[in-house]
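Subject: Structure for you to look at

Hello,

Here is the structure I said I would pass on. My notes on what turned up in it follow below.

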Amino acid sequence: MKLAITGKGGVGKTTLTSLLAYHYAAQAGAVLAIDADPSPCLGAALGFPPGLLQSLTPIAEMHELVAERTDSKPGTFGGYFKLNPRVEDIPDRYTVTHRGITLLELGAVEHGGSGCICPESVLLKQLVSHILLRRNEVVLLDMYAGVEHLGRATAEAVDAMIMVVEPTARSIATAAQIKSLAADIGLKHLFLVGSKIQTPEDAQYVSAHSPGLPVLGHMPHSPHAQTADRLGQAVYDAAPELARAAHAIADAVEVAMKAVIQTADHG
Ligand SMILES: Nc1ncnc2c1ncn2[C@@H]1O[C@H](COP(=O)(O)OP(=O)(O)OP(=O)(O)O)[C@@H](O)[C@H]1O
Ligand SMILES: [Mg+2]
């Protein structure tokens with residue numbers, strides 16, 4: 001299973017990714033969780049020990065690695081560099097693992113202008129492609145808003161993209177925008193998950209205003225999410241109601257994917 005999680009800022013993407021990571025670690029054994037946020041925080045939501053997280057450097061900030069793999073000069077824009085850097089060893093070498101979950105932080109790419117191709121972005125794209133196309137473990141991609149790091153070549157390898165939405169008009173408007181970006185690169189299986197749901201009306205709002213996407217389930221609003229953050233605990237451990245919601249969402253993904261495969265077989 002290869003899942004991408006996206007949505008508007010602050011809706012609960014990282015929280016859901018961390019919960020799904022523990023779900024799949026218990027079920028499948030090995031999970032690779034990719035933090036694509038320029039300021040990484042998936043490790044904290046996973047409750048990884050601070051010392052372990054400190055030992056991890058986001059890939060885009062490993063300037064010597066970027067320079068070596070792309071044959072570029074560190075920290076420069078322009079000039080010549082390789083467009084197909086070697087990345088195969090990165091998921092095993094430049095990651096940390098805790099309780100069956102391997103964490104990879106992509107880090108921030110300083111864009112030299114819109115549409116700029118720089119060594120860092122080439123390396124990250126190649127790395128994400130490699131992971132989606134060649135690795136066998138469950139992969140979860142906690143995406144910064146939108147579909148950055150994914151392209152036409154890799155969209156096919158993503159089994160499903162989950163858009164997390166709060167029961168607000170703005171959050172749902174962002175999901176609709178991401179839906180059209182996702183369609184542009186050929187992502188096919190898109191789903192919605194409601195987040196910070198407090199009342200049946202909240203859940204109803206999400207279903208009623210979905211931009212044509214099936215709703216997989218809902219994450220209740222939980223004070224434990226913030227307690228976990230303050231105490232440095234895994235949300236999965238601190239918020240059992242959210243862990244249960246994530247199990248149900250993972251089951252719903254499976255059912256939805258099976259339905260898709262059956263339809264494809266019969267069509
Ligand atoms: N179900 C929930 N109930 C209550 N608070 C929540 C819930 N889910 C997330 N939060 C809180 O909302 C904030 C944002 O959550 P999270 O970091 O998961 O969102 P995000 O979409 O990844 O944000 P960003 O766009 O900044 O990466 C955090 O303070 C988190 O504790
Ligand atoms: Mg996040």
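Strand 2, residues 31–35, is mostly covered, with five of its five residues buried. Please keep in mind that this is a predicted model. In a regular strand, side chains alternate between the two faces of the sheet. Here V31, A33 and D35 point one way from strand 2, while L32 and I34 point the other way, and all are buried.

Strand 2 has a partner in strand 4 (residues 101–105), to which five bridges join it, and the two run parallel. Within that pairing, D35 has E105 as its bridge partner in strand 4. Strand 2 also pairs with strand 5 (residues 138–142), again in the parallel sense and over five bridges.

As for strand 8, it pairs with strand 7 (residues 190–197) in the parallel sense over four bridges. In this pair, the bridge partner of G194 is H218 in strand 8.

Which residues touch the most other members of the largest nonpolar core? That core has 77 residues, and the ones in question are A21, A33, I34, L140, I162 and V235. A33 and I34 have already come up as buried residues of strand 2, pointing opposite ways. Leaving aside residues up to four places away in sequence, V235 touches T15, S18, L19, A45, A225, A228 and L242.

I also looked at A182, which is found in helix 8 (residues 169–184). A182 counts as buried because it has 23 C-beta neighbours inside 10 Å. Residues up to four places away in sequence not counted, A182 touches V147, M161, L187 and L190. For a sense of distance, the C-alpha atoms of A182 and I117 are separated by 21 Å, and the two residues are 65 apart along the chain.

Last, the chain as a whole. Its secondary structure comes to 12 helices and eight strands. The radius of gyration is 18 Å, close to the 18 Å that the globule rule gives for 267 residues, so the chain is as compact as a globular protein of that length. Along its principal axes, the C-alpha trace spans about 55 × 45 × 35 Å. Buried residues make up 44% of the 267 residues. Of the contacts with a separation of 6 or more, 74% are between residues 24 or more positions apart.

Regards

Technical notes. Residues are numbered from 1 along each chain as its sequence is written. Chains are lettered from A and ligands numbered from 1 in the order in which they are written. This is a predicted model: local features need pLDDT of at least 70, side-chain atom pairs count only at pLDDT 80 or more; totals for chains, interfaces and linings use all residues. A residue is buried if 20 or more other C-beta atoms lie within 10 Å of its own, exposed if 12 or fewer, and partly exposed in between; C-beta atoms are placed from the backbone. Two strands pair if DSSP finds at least two bridges between them. A nonpolar core is a set of buried Ala, Val, Leu, Ile, Met, Phe, Trp, Tyr and Cys residues joined through C-beta atoms within 7 Å. Two residues are in contact if their C-beta atoms, placed from the backbone, lie within 7 Å. The radius of gyration is taken over C-alpha atoms; the globule rule is 2.2 Å times the number of residues to the power 0.38.
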